[in-house]
Amino acid sequence: MNRGTQTPGRPDLDRLVPEYVKAFQPYTPSKPDDVLCRMIGCSRLYRLNNNENPLGPPAAARAVIGSYPPPRAAIYPSGDAYHLRCRLAERFGLHPDQFLVGNGANEAIAFVIKAFCQEGDNIVTADRTFAVYEWVAAFSGFTAHLVPLKDFAFDDEAMLARIDERTKILFVCNPNNPTGSYWTEQQLRRFLDRVAGRQIVVVDEAYGEFVEQSDFPDGMRLLGDYPNLVIFRTFSKMYGLAGLRIGYLAGDRAVVDVIRRTCVVYSVNGLAQEAAVAALSDEEHITATRELIRAAKASLLPVLDQLGLTYVNGEGNFLMVRLPFNDALAYRRLLSHGVMIRSMAGFRFPNWIRISLALPEAMQALAEALAAVINHES
Ligand SMILES: *Cc1c(COP(=O)(O)O)cnc(C)c1O
């Protein structure tokens, strides 16, 4: 660089910024609803891009949120989500110290990677799954080995084959976002048996509460058998608290004691902690949400069939659909009809979109928008 043209005091970013940060593309979130509605001239926007629960939080959590005393906003929350961890311990028959609560499960991903990886280490996960595992590794300077999905599912054999002496963590999304595929309890146990404690195995159960198949494993019940297992759960999806940002991990006490060293105290606010405690007791909410998802799927599949679209019908509150044209174009076209979906080139599924299953009114708007966009194209 020509030194003479540099403004004095301007940081020398070329020297200051690590190469792996320079190489990383920042994530661009969508604009807020009011801004988007003004841009596209729509009075109503249906967000089907983030797999949120359209029923909102459970009734008990609503009550907590509605009556939260304003003076409490001035007070720091419990630094280790004390009451929530006690409630989780009771619920899952574990010790409170086996839980670590984060600002969304997203933060827990960072905790685990920071706790176990050092320069030269790597993680192993799938190429087409929740991208945050790969992103946190990449912008922290660690390699993410990405194993291709097999028949839209995590490939256990190929993941085991990809492990090397510097592999610290294996991330498995169960069921997988975005394909909805899952490992059965038998398959997960076989995988854990073969890893045999050499790596930390994270099983992300962000959508676990949506799965009703009897062979789907409850990770919490496997912790006793596999001390290298770490389970992620979130209040963002089934429990409808995405806006409050709260999730957690569970594992063996010795492992969680290590992970706890890397977490920043006070990252989880007091309202989120109290709403989460209340949300956990509401079984009716889970039943109602599952019914809503079943109905949304039943209404949407015939529409997709009629439009001649291919889809992957898996577990979870979302559906992956293949379009006969580019997904970024589909995103813009559907948005102009007031429907936001997730374009999937970022998941390495170009020409596919992911749709969150939601209320009948939203599914109807989506069906109409899809029909308009498809018929316009072909
Ligand atoms: C949504 C999601 C999460 C976590 O979300 P938070 O809102 O950060 O709790 C984690 N994993 C997967 C696969 C998800 O889809």
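## A ligand and its surroundings in a predicted model

Thirteen residues, written 13 in the tally, surround the ligand, and the closest of them are Ala105, Asp204, Thr234, Ser236 and Lys237. Please keep in mind as you look around that this is a predicted model.

**The ligand and its shell**

- By residue type, the shell around the ligand is made up of 5 nonpolar, 5 polar and 3 charged residues.
- Asn177 brings an N or O atom of its side chain to 3.0 Å from an oxygen atom of the ligand.
- For Tyr207, the distance from a polar side-chain atom to an oxygen atom of the ligand is 2.7 Å.
- Arg245 likewise places a polar side-chain atom 2.7 Å from an oxygen atom of the ligand.
- On its own the ligand has 380 Å² of accessible area, and the protein covers 94% of that area.

- Arg245 belongs to the loop that runs between β7 (229–234) and β8 (247–251).
- Its phi is near 60°, a positive value in a residue that is not glycine.
- Arg245 has a relative accessible area of 30% and therefore counts as partly exposed, since that class lies between the 20% limit for buried and the 50% limit for exposed.

**Two cis peptide bonds in one loop**

- Asn174 and Pro175 are joined by a cis peptide bond, with omega at about -5°.
- You will find Pro175 in the loop between β5 (167–173) and α9 (185–195).
- A cis peptide bond also links Asn177 to Pro178, here with omega at about 25°.
- Pro178, too, is in the loop between β5 and α9.

- Asn53 is located in the loop between β1 (46–47) and α4 (59–66).
- With a relative accessible area of 7%, Asn53 is buried, because buried means under 20%.
- The side chain of Asn53 makes a polar contact of 3.3 Å with the side chain of His285.
- A polar contact of 3.1 Å connects the side chain of Asn53 to that of Thr289.

**Asn351, another positive phi**

- Asn351 is not a glycine, yet its phi is positive, at about 75°.
- The loop between β12 (342–343) and β13 (352–356) holds Asn351.
- Asn351 is partly exposed, with a relative accessibility of 27%.

- Arg260 is part of helix α11, which covers residues 253–260.
- At a relative accessible area of 30%, Arg260 is partly exposed.
- Between Arg260 and Val101 there are 159 residues of sequence separation, while their C-alpha atoms are 9.6 Å apart in space.
- Ser299 sits in helix α13, which covers residues 283–306.
- Ser299 is partly exposed as well, with a relative accessible area of 38%.
- Ser299 and Met363 are 64 residues apart along the chain, and 7.6 Å separates their C-alpha atoms.

Note on methods: Residues numbered from 1 in each chain as written. Predicted model: local features only at pLDDT ≥ 70, side-chain atom pairs only at ≥ 80, totals over all residues. Heavy atoms only, no water. Near = heavy atom within 4 Å. Polar contact = N/O pair within 3.5 Å; in protein donor to acceptor, adjacent residues only side chain to side chain. Areas by Shrake-Rupley, 256 points an atom, 1.4 Å probe, with all protein chains shown as cover. Nonpolar A, V, L, I, M, F, W, Y, C, P; charged D, E, K, R; others polar. Helix = DSSP H or I, 4+ residues; strand = E, 2+ residues; numbered from the N terminus. Buried < 20%, exposed > 50% of the residue type's maximum accessible area, 1.4 Å probe, protein only.
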